Amino acid sequence: MGTGNLIFSSKKGVELDYYGRAYAGTLIYNSTMPNSLLNGVIAHEIVHIYQVDDFISVNSYMDKLNNNSRFFNSKIFDWVYLDINSLITVGAYSLEGINKQCYYDNYFEWEANLFSERDICD
Ligand SMILES: [Zn+2]
């Protein structure tokens with residue numbers, strides 16, 4: 001599949017009861033799910049990756065900080081990438097999910113469902 005994202009499969013999701021997860025630009029899907037669900041799950045998780053990249057744009061400003069800061073110019077950041085977008089998205093996702101009747105009432109899940117054929121709330 002030409003998504004440009006790394007896609008992994010695993011059986012370890014069985015005990016965690018999920019079909020797919022998106023992590024830092026990659027996604028993993030449950031290899032035991034029915035094949036008929038695969039395209040929908042991958043589409044759903046790719047939208048989550050796009051949400052991290054495009055919904056929050058703090059990472060875009062990090063280059064400017066890198067140029068002007070002794071801290072950010074230290075050698076550690078030649079090897080470590082501060083993915084602030086992911087941290088903010090995880091926080092926003094968690095806050096958005098508070099007091100929702102259905103898992104898919106969370107805006108991030110709702111948006112991902114617009115581009116895939118997954119569960120919806122009743
Ligand atoms: Zn989702």
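# A guided tour of the predicted chain

Of the 122 residues in the protein chain, 14% are buried; a residue is buried if 20 or more other C-beta atoms lie within 10 Å of its own, exposed if 12 or fewer, and partly exposed in between, with C-beta atoms placed from the backbone. This is a predicted model, in which local features need pLDDT of at least 70 and side-chain atom pairs count only at pLDDT 80 or more, while totals for chains, interfaces and linings use all residues. Residues are numbered from 1 along each chain as its sequence is written.

**The whole chain.** Begin with a cartoon view of the protein chain, which has five helices and three strands. Helices (H or I, at least four residues) and strands (E, at least two) are DSSP runs, numbered from the N terminus. From that terminus on, the order of elements is β-α-β-β-α-α-α-α.

Next, select the three strands, which form an open sheet in the order 1-3-2 with mixed pairing. Strand 1 (6-10) and strand 2 (20-23) stand at the edges with a single partner strand each, so one side of each has no neighbour in the sheet. From one strand to the next, the twist averages 20°. Two strands pair if DSSP finds at least two bridges between them.

Strand 1 and strand 3 (residues 26-30) run parallel and are joined by five bridges. Select Ile-7 to find its bridge partner in strand 3, Leu-27; then select Ser-10, which stands opposite Asn-30 in strand 3. Strand 2 and strand 3 pair in the antiparallel sense over four bridges, and Arg-21 has Ile-28 of strand 3 as its bridge partner. In the hairpin of these two strands, two residues lie between the strands, and Ala-24 takes a positive phi near 40°.

**The nonpolar core.** Axes are lines fitted to C-alpha atoms, for helices over the stretch in contact, and angles run from 0 to 180 degrees between N-to-C directions.

Which residues make up the largest nonpolar core? Select Tyr-19, Ala-22, Leu-27, Tyr-29, Val-41, Ile-42 and Ile-46, seven residues in all. A nonpolar core is a set of buried Ala, Val, Leu, Ile, Met, Phe, Trp, Tyr and Cys residues joined through C-beta atoms within 7 Å. Helix 2 gives the most to this core, with three residues. Not counting residues up to four places away in sequence, Ala-22 touches Leu-27, Glu-45, His-48 and Ile-49; two residues are in contact if their C-beta atoms, placed from the backbone, lie within 7 Å.

The contact is made by Gln-51, Val-52, Asp-53 and Phe-55 of helix 2 and Asn-85, Ser-86 and Thr-89 of helix 4.

**The final stop.** Select Asp-105, in the loop between helix 4 and helix 5 (107-114). Is Asp-105 buried or partly exposed? Asp-105 counts as partly exposed because it has 14 C-beta neighbours inside 10 Å. Leaving aside neighbours within four places in sequence, Asp-105 is in contact with Lys-100, Trp-110 and Cys-121. Asp-105 and Cys-121 are 16 residues apart in sequence and 7.0 Å apart in space, C-alpha to C-alpha.
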